[in-house]
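Here's a quick tour of a two-chain model. Keep the structure open while you read.

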Amino acid sequence: MSDSEVDETTLRLERLIPSPPEILFALWTQPAQFIRWWAPDGYEASVDALDTRPGGRWRTTLRRSDGSVRATSGVYRIVEPPRFLAFSWAWEDESGTRGHETEVVVNFESAPGGTRLVLVQRRFASKQARDNHTNGWSASFDRLTRVAG
Amino acid sequence: MADAPQLDSLFAALADPTRRAIVERLLAAGELSVGDVAAPFAISGPAITRHLQVLERAGLIERRIERQWRFVRVRADALAPAESWLSRQRRHWMAALDRLEAVAAAQTPKREKS
């Protein structure tokens, strides 16, 4: 067990993608586009809800050929085409009960030859933070603007 | 998936910098008396006690009492649920972004070489 693992409070992924932000943003926010990339091999993705207005629900289901399903769902916080997405995130179990709740922010920044995509997933620090979406959100935003700046 | 309340309390306990520092100190030292845990921190004894209670409730540390001394240490595998949740989530996004990149590439016009 290293200290860095203890210290880690967010998941952060960054990559350069040789496509413009507009294409990536559409793939993320339009249901017909979203299902083209969301499902791993052996799964079929469907979009149950995808309301990109702030406060709008999203829910997607991954269905395996043996009939088992894994759903994820949440609420959109901020949608700024084609640069920025923020939404809450939780896996659901078979009975539809939502698991550990987190916040995800995705930044699509124009870069030479394409887009620098930064995805940050933040675990809620406390029940209070989870119940106070504004605080949970602004902490994520501060962090992301620092890393993207 | 580990159950959500367990992960919630684990991540909440680790979200506080003082508690994270306590856990790191215990990981480095093994076992310490409560007084030794508190030594480097410029906060009151009751505040340290509260932090230790949060860590204990989250299943991160355990206490041992020997005569008048109280010792604390990190529980073996205490961090495993958080780590396995994080690593699963990381794998999920890595694979998803691979697929996103591939589908986006098929939709991106080839740039003219100048």
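In chain B, helix α2 (residues 17-29) and helix α4 (residues 45-57) have axes that come within 10 Å and cross at roughly 75°. That makes α2(B) roughly perpendicular to α4(B), a label for angles of 65 to 115 degrees. Axes here are lines fitted to C-alpha atoms over the stretch in contact, with angles running from 0 to 180 degrees between N-to-C directions. Helices are DSSP runs (H or I, at least four residues), numbered from the N terminus.

Who touches whom? On the α2(B) side you'll find B:Thr18, B:Arg19, B:Ile22 and B:Val23, and they meet B:His51, B:Val54 and B:Leu55 of α4(B). Contact means that the C-beta atoms, placed from the backbone, lie within 7 Å.

This is a predicted model, where local features need pLDDT of at least 70, side-chain atom pairs count only at pLDDT 80 or more, and totals for chains, interfaces and linings use all residues. Residues are numbered from 1 along each chain as its sequence is written, and chains are lettered from A and ligands numbered from 1 in the order in which they are written.

Now for the chain-chain interface: 31 residues of chain B are in contact with 31 residues of chain A. On chain B's side, α1 (4-15), α2 and α5 (80-107) each give two or more residues, and α5(B) has the largest share with 17 residues.

Here are both contacts by class (nonpolar: Ala, Val, Leu, Ile, Met, Phe, Trp, Tyr, Cys and Pro; charged: Asp, Glu, Lys and Arg; polar: the others, Gly among them).

| Contact | Residues by class |
|---|---|
| α2(B) with α4(B) | 4 nonpolar, 2 polar, 1 charged |
| Side of chain B that touches chain A | 21 nonpolar, 3 polar, 7 charged |

Definitions and conventions:
Angles under 35 degrees count as roughly parallel, over 145 as roughly antiparallel, 65 to 115 as roughly perpendicular and the rest as oblique. Two residues are in contact if their C-beta atoms, placed from the backbone, lie within 7 Å.
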